[in-house]
Amino acid sequence: MISTEESTCLSVDLDKKFKSLWHLVGNTPMLELQYMYKNRPGSIFVKCEHYNLTGSVKDRMALHILYQAYRNCKIKPTDRIVETTSGNTGISFAALGKALGHEVTIIMPEWLSQERIDIMRSLGAEVILVGKEEGGFLGGIKLSYEMAASGRVFLPEQFNNYFNSEAHELTTGREIWEQLESAGKTCDAFVAGVGTGGTIMGVGRYLKKRDAGIWVHPLEPEESPTLTTGFKVGSHRIQGISDEFIPSIMQLNQLNSIIQASDGDSILMAQKLSEQLGLAVGISSGANVIGAIKIREELGRKSNVVTILCDSNKKYLSTDLTKKEPVKEHYISPLVTFTGYEPMPRLNRMSFYQ
């Protein structure tokens, strides 16, 4: 965290709350996943972000955005937090907002999993569902601006907020580098699905500062290649990535090639992570693992490719994640068998936030 000496809006009590919350966010475990693919041994590295406070990677950016909002006098203790989200971000702001004493309203498309809605409501948040006839995701963002016009509202604006990606540059990227370094390894590539773009841009910035030759690949659903086409096309089942537009945070010219993963293949891979390794993760985690395996195949057997296990499976128990998924010819998950994992060393948490 940044020193609060120059702050005019962050009280001593709030500063203590933020420092306490950072003990529950970040410094997540990192594993080397070992597998057989096409009868050849391989391994990739994964950051287990389902170990964060609310069970997802979004806790990092939500906490950093709120901290910076107080530092820069963009939020008052009496403000209501209002955000449009596909789920995990809303859960993060609901929990962290309540911990800091705020009322929270979350706007989200009505077609996302019921578990997301139930979790946010259990955290005391108001949930407003937006249908396709009301504009879907973009309609929800418009509604948030209308609510903010009346005053006493703080909009995190995760898709446009620089502090989203900065959170991952300051924490996630640094943790990846130092955990690998502590095991005598370096990073050759990083792959992550794109929702807001904060994770891929922030981690990518940090890693490329350490080594400009590191590959940084954004990932999108094969069925809905928004990054590739530049506009919303098709539909997919990987909740949390590839919404209805390319966020302003995304700077594709600073990244390497776009990787794609089919939603069915991602479901099968997430099921395998759970059934074979006991890593109960969501569908986007399966997609990320597919992307990482693809890049490792391209870079070579000695390469170190890193990705994110974004969240747990608890938000997907009513979705196709718990159902039998048909296999298609081009899927890679049927060719993968996980054989185990090795943990990387944990780091000194406070070194990241002083």
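Analyst: Val 82 stands opposite Thr 105 in β4. Strands here are DSSP E runs of at least two residues, helices are H or I runs of at least four, and both are numbered from the N terminus. The model is predicted: local features need pLDDT of at least 70, side-chain atom pairs count only at pLDDT 80 or more, and totals for chains, interfaces and linings use all residues. Residues are numbered from 1 along each chain as its sequence is written, and side-chain values use heavy atoms, with hydrogens and water left out.

User: In which sense do β3 and β4 pair, and over how many bridges?
Analyst: Strand β3 (residues 80-84) pairs with β4 (residues 104-109) in the parallel sense, over four bridges. Two strands count as paired if DSSP finds at least two bridges between them.

User: What is the strand order in that open sheet of four?
Analyst: The order is β5-β4-β3-β6, with parallel pairing. At the edges are β5 (126-130) and β6 (153-154), each pairing on one side only.

User: And the sheet of seven strands, what is its order?
Analyst: That open sheet runs β9-β8-β7-β10-β2-β1-β11, and its pairing is mixed. β9 (259-261) and β11 (336-343) each have a single partner strand, so one side of each is left without a neighbour in the sheet. The twist averages 30° from one strand to the next.

User: How does β1 meet β11?
Analyst: β1 (residues 30-37) and β11 run antiparallel and are joined by seven bridges. Within this pairing, Gln 34 has Gly 340 as its bridge partner in β11.

User: On to the helices. Which strands does α6 lie across?
Analyst: Helix α6 (residues 162-182) lies across β1, β2 (40-48), β7 (189-193) and β10 (305-309), at about 135° to β2. Axes are lines fitted to C-alpha atoms, for helices over the stretch in contact, and angles run from 0 to 180 degrees between N-to-C directions.

User: At what angle do α6 and α7 cross?
Analyst: Their axes cross at roughly 50° and come within 7 Å. The contact of α6 with α7 (heavy atoms within 4.5 Å) is described by that crossing.

User: What does Met 61 touch beyond its sequence neighbours?
Analyst: Leaving aside neighbours within four places in sequence, Met 61 is in contact with Thr 89, Gln 158, Asn 164, Ala 167 and His 168.
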